[in-house]
Amino acid sequence: MNKKLRLIYQRLYARFGPQAWWPADNPFEVIVGAILTQNTNWLNVEKAINNLKERKLLEPYKLYKLSHKRLASFIVPAGYYNIKAKRLKSFLKFFINNYQGSTRKMSLVGTPRLRQQLLSVNGIGPETADSILLYALDKPIFVSDSYTRRILSRHRLIRENASYQQIQDLFMQNLKPGVELCNEYHALLVRLGKELCLKTKPKCKICPLK
DNA sequence: GACCAGGCACATC
DNA sequence: GATGTGCATGGT
């Protein structure tokens, strides 16, 4: 394993301990959360998910049958509610047509093939696809995100404008990772980002570290 | 009121 | 391939 990457992981784990992601009751909830959390604070996502849970709607067929207007109204707290309602519907159509709404059936497909399938769904990009693969389906794949980019670029491990694929490759080629390591490493990086206010951009005026 | 949050698609050059 | 823009709520 790359020395620096291993050191970062060890220190994060020593400082924060296991994060045990994803915060959800079942794989389908992970998927819904992965779509809702796009560019959005997780607390807002929880509110939206609770709206669906309270109405016992957090199931593939039930969600798919909802009108756009009703679905959008339940996920308002997560922001971008119109576009996210559309993205959820796009995924559900794919999920039901191909896998009868079963995450177990979906998880039988090989990771590279399934990743391609997910990326072809409108509204699912690389981070969302990889979050689904890792956190809903237990596939060993590293999820990169904005925290990962900021932390790694500030440690000079990547360029600030590195592509998603370049960042993922850095981990996949150097970690020879299993599911557990992928899961914890990404979660720990997010934890660090939140704890140390790395969530704020370098020029941010409200960052308490300045 | 400014700024930000576990992205993505689409238009344009 | 790079760059810009719309999408939107709720917390600090």
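Guide: Two residues are in contact if their C-beta atoms, placed from the backbone, lie within 7 Å. Helices (H or I, at least four residues) and strands (E, at least two) are DSSP runs, numbered from the N terminus. This is a predicted model, in which local features need pLDDT of at least 70, side-chain atom pairs count only at pLDDT 80 or more, and totals for chains, interfaces and linings use all residues. Residues are numbered from 1 along each chain as its sequence is written, while chains are lettered from A and ligands numbered from 1 in the order in which they are written.

Visitor: Why is H9 largely enclosed by the rest of the structure?
Guide: A residue is buried if 20 or more other C-beta atoms lie within 10 Å of its own, exposed if 12 or fewer, and partly exposed in between. In H9, the buried residues include Thr 128, Asp 130, Ile 132 and Tyr 135. H9 is largely enclosed because the buried count among its 11 residues is nine.

Visitor: Which helices are among those covering the buried residues of H9?
Guide: Helix H9 spans residues 126-136. Its buried stretch includes Leu 133, Leu 134 and Ala 136. The cover includes H2, helix H7 (103-106), H8 and H12.

Visitor: Which residues does Ile 31 touch, not counting residues up to four places away in sequence?
Guide: Ile 31 is one of the core residues that touch the most other members. Another of them, Ile 132, is buried in H9. Ile 132 is also among the partners of Ile 31, which are Phe 91, Ile 132 and Ala 136.

Visitor: How far apart in space are Phe 91 and Ile 31, C-alpha to C-alpha?
Guide: Phe 91 lies in helix H6. It is buried, with 24 other C-beta atoms within 10 Å. Leaving aside neighbours within four places in sequence, Phe 91 contacts Ile 31, Ile 35, Val 121, Gly 123 and Ile 124. Phe 91 and Ile 31 are 60 residues apart in sequence, but in space the separation is 9.2 Å.

Visitor: Which helices do the buried residues of H3 pack against?
Guide: Helix H3 (residues 42-54) has 13 residues and reaches 18 Å from its first C-alpha to its last. Val 45, Ala 48, Ile 49 and Leu 52 are its buried residues. They lie on the same side of H3, because they cover an arc (that of the directions from the helix axis to the C-beta atoms) of only 95 degrees. These buried residues pack against helix H2 (27-36) and helix H5 (68-74).

Visitor: Which helix supplies the largest share of the surface near DNA strand C?
Guide: A residue is near a strand if its C-beta atom, placed from the backbone, lies within 6 Å of it. By that test 13 residues surround DNA strand C, and the closest are Pro 77, Gly 79, Tyr 80, Asn 82 and Ile 83. H3 and helix H6 (81-99) each supply at least two residues. The largest share, three residues, comes from H6.

Visitor: How many other C-beta atoms lie within 10 Å of Asn 82?
Guide: Asn 82 is among the residues closest to DNA strand C. Its place is in helix H6. Asn 82 is partly exposed, and the number of other C-beta atoms within 10 Å is 13.

Visitor: What is phi of Tyr 80?
Guide: Tyr 80 sits in the loop between H5 and H6. With 16 C-beta neighbours inside 10 Å, it counts as partly exposed. Most residues other than glycine have a negative phi. Tyr 80 takes a positive phi, near 40 degrees.

Visitor: Is the peptide bond from Trp 21 to Trp 22 cis or trans?
Guide: Trp 22 lies in the loop between helix H1 (3-16) and H2. Most peptide bonds are trans. With omega near 0 degrees, the bond from Trp 21 to Trp 22 is cis.

Note on methods
The expected span of a helix is 1.5 Å times one less than its number of residues. A nonpolar core is a set of buried Ala, Val, Leu, Ile, Met, Phe, Trp, Tyr and Cys residues joined through C-beta atoms within 7 Å.
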